[in-house]
Each structure stands twice: as structure tokens, then as C-alpha cells.
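Dear colleague,

I am passing on the structure we spoke about, and my notes on it follow below. Please read them with the model open beside you.

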Amino acid sequence: MQTSLWQRFGVQPDLVALADKIETEILPIRQEIEAIVAHNQMRVVAALQNQHLSDWHLNGSTGYGYGDMGREALDAAYAELMQTEAALVRPHFVSGTHAIACAMMGNLQAGQEVLLASGRPYDTLEGVIGLRPAPLGNSLLDLGVNHRVIPLTDEGQIDLEAVAAAITPQTAMIHLQRSRGYSTRPPLTLEQIGQVVELAHNASPNIIVFIDNCYGEFVEREEPGAVGVDLMAGSLIKNPGGGLAISGGYIAGRELYVARAAERLTAPGLSNEMGATFGHLRPMLQGLFLAPDAVGAALQGAVFAAALFQELGFPVSPLPNELRHDIIQSIQFANAEQVIAFCQGIQAAAPVDAHVRPEPGDLPGYSDPVIMAAGTFVLGGSLELSADAPLRPPYNAYYQGGLTYAHARLGILMAASRVLNQQE
Ligand SMILES: *Cc1c(COP(=O)(O)O)cnc(C)c1O
């Protein structure tokens, strides 16, 4: 039975044997991750209990959405979990980029400046900030908000001295990105984030330290609010949605900054007290409940992928036993054919659209062809098993997600099989 199922998925027997060997080696690492899951599961249950969550909170509202107590409970639970004063969790955010843009644009004015202290931001933020021309003239730069990129050091760390030196009376915000995104730099540690908060607030307590928290939620025992970050944002079709939220994003931070961001999402004067939640509250709340475990599964899948591909001779980052600060795993292949084989293997393991074969294609905003594997229940949901790769040297594939460890493991073994077949 066992053998024929592996055959059914095209995984060679020698790879199954190798997987068993690796499983023993990574067991202690998986146990450490499970300890973080247990901690965060308790934090989430406590946050929901503290809101006295009841069935009637889960139903959602219509129209203006006044007095939506489920929405208010969700906001308060997120504020507790992100360790901030307030939060705004809404299905109306169309993506993580939208939530980040509202947080930044709601809190910046003409004549002010934002320092990009972890180097160039995630691709989709370039148009928001004005690092790339915005066709309709709607970027922060077009609105009179300047920016300066402070490159990371050669080791991929924040250049604290350069950040301190760059602060001027116009500096209103320091932007940080916790995750590596789709680059080879390491993600930020909470310690590093705390150091930026300290130097910024020493220069002026009014400087808003903002962090793009995408892919970082529930990876560690604490969130950036614990080290004094003023404002953060993320996507619900990544970590905190737990695979169940079908859309949306969140902003968390100091009350005033979240309120300003809310007025950017809605309209001046409308604040955070409007916004019907339709049928979204149940999946958003239940997804939050499941999120620590799903993030743990994704992390353990990433550790398994790192260990397996390292054993097969491919450079991986992070290493299997490295401390993780986001859910992304990068694997470096020798050529484009291997990258394609890897992504096609991940797709072939999907519960949805497994019969579809991803091919490299051009995407707006990317200069090289990109291949994406995403056979997901939620379109673009990247806490589900997925992989992306731009087809250019050094031929890194970025792999993330897996709502269950067993599924992540299957996908990785199918991908490895195809890469090995490709090599022969
Ligand atoms: C996913 C992500 C975003 C936002 O992406 P969307 O596709 O707009 O949800 C921003 N920053 C980082 C680091 C991300 O990983």
C-alpha cells in the first residue's frame, strides 16, 4: 500500500529511504518548532477567550457594518497577539500590499521622508513608495513624501550607523521588512528590529517605526510589537489567516497610527467603526485559531526541504538547523530546467489544480520570466504549499507553506524526484 502510493505520486523508493533518514536527523529541530507552536497556540486561545468569543460573533454584518462586535473582537485579538495597542483586520484589504500602503500612506504627509532601513523593499512596494514610477502619479513620492534606501551591510544586517546618520527632522517613518521576501538576504530578527526602534525613538519619539510583517507572524514566540514597533501590516492569505481566511489584511500598532490607516482604507471621519464583514468573520477567526499550527507545519516542511536538498548537494538558505524568522526556504539549483522541475513537482502535489503544469511566464514588475507553483484553495494563498522562482542565475527557488507537514513533505519529495530525473 505504502509503496504503491509513493508510486502513484512518482517518488522513487531510494528517495523515500533518504527521507526516513532525514526525518530522524531533523526530529529535534521539529520539536523546537512544536514548542513555539504550543506557546503561540496558547497565546491565540487566550486572546480569543479574552474577547469572550461567542457564536454570534462569527456571523458578520452587512451595510455600514456599525456595531459589528465580531469585527471588534477580531481587531482586539490581533492587537493582543501582535503586542500593540490597536489593530484593524479587514477582508476589504485586497492584499498585503494594500494593507502596507494604507498604513504608510495614512501616516505620511508631503514634505516628510521615509527611510527604508532594510534595503530595497518587496517588489510590489516599489510602486507605492515611488522607487518605480507610478503610472497614475499616485505613489508616496508623487504626493511629496521622499524616501531613502539604506542598503543592508554585506552580511545582510541593518546598517544601524547609516540609519542613525540618515535621520533628519523630515524623517517621519522608518520602514522595515521582516521577511527576506524573494531575495537572498536573511530575515530580520526581533533583536535587530528592537535596535532600530531604540535608535529611532532616541532621535525622536515621533518617528514611526513601521514593519512589513508578511511571512513573519507566529514564526517566533513574540511579534514586533513586543520590541516597540509602532505600526505593522500583513496579509491574511499568508500566516495569520491560517489557510482559512479567503482574503484580507491587517494593520496593528499604536492607536493613533492605526486610526489614521483606517481612514485611508475608508474615508476621513469614517474611522474603524464601519466596514461590513459579510461572511468573513468565521474563517478569519477560525483561521487565526489554526494559524500557529499551520505556520509550524510550514516551518517544519521548510526544515525538511532544507535537509533533503542539502543532502542532495544543493545550497539551501536557511540551513536546516538555522533559527527561522520567516517561513521562506530558498534552494539554489544549477540551471533553469531544475527550477522548473522543482516547481512542477510542487504543483503536482497540490490538492487543487495538480493536473496543471506551471510554465515560466512574464509578470508585471519582474524583469525575468517567473515560474509559480500554487495549487491552492485560496488563489495566491502562500501559507498553502507553493513555490516561486525568477528564471535567472543564481537559480534560486523560493518555497513556502504547507498547511500540514505531511503534505509539505509529499510535495518536497515529488519536487526532488523530478529534479533528480531531470539531472539524469
Ligand atoms: C507577500 C508580501 C507582501 C505583500 O504581498 P501581496 O502579494 O500584496 O499580498 C509584502 N511584503 C512581503 C515581504 C511579502 O512577503
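**What was found**

The chain is made up of 11 helices and 12 strands, where helices (H or I, at least four residues) and strands (E, at least two) are DSSP runs, numbered from the N terminus. Please bear in mind that this is a predicted model, in which local features need pLDDT of at least 70 and side-chain atom pairs count only at pLDDT 80 or more, while totals for chains, interfaces and linings use all residues. Residues are numbered from 1 along each chain as its sequence is written, and side-chain values use heavy atoms, with hydrogens and water left out.

The C-alpha trace spans about 60 × 50 × 40 Å along its principal axes.

Of the 424 residues, 56% count as buried, meaning under 20% relative accessible area (1.4 Å probe, protein chains only). Among contacts (heavy atoms within 4.5 Å) between residues at least 6 apart in sequence, 69% join residues at least 24 apart.

Apart from its neighbours within four places in sequence, S330 is in contact with P315, V316, S317, N396, A397 and Y398.

Conventions: Buried means under 20% relative accessible area, exposed over 50%, partly exposed in between (1.4 Å probe, protein chains only).
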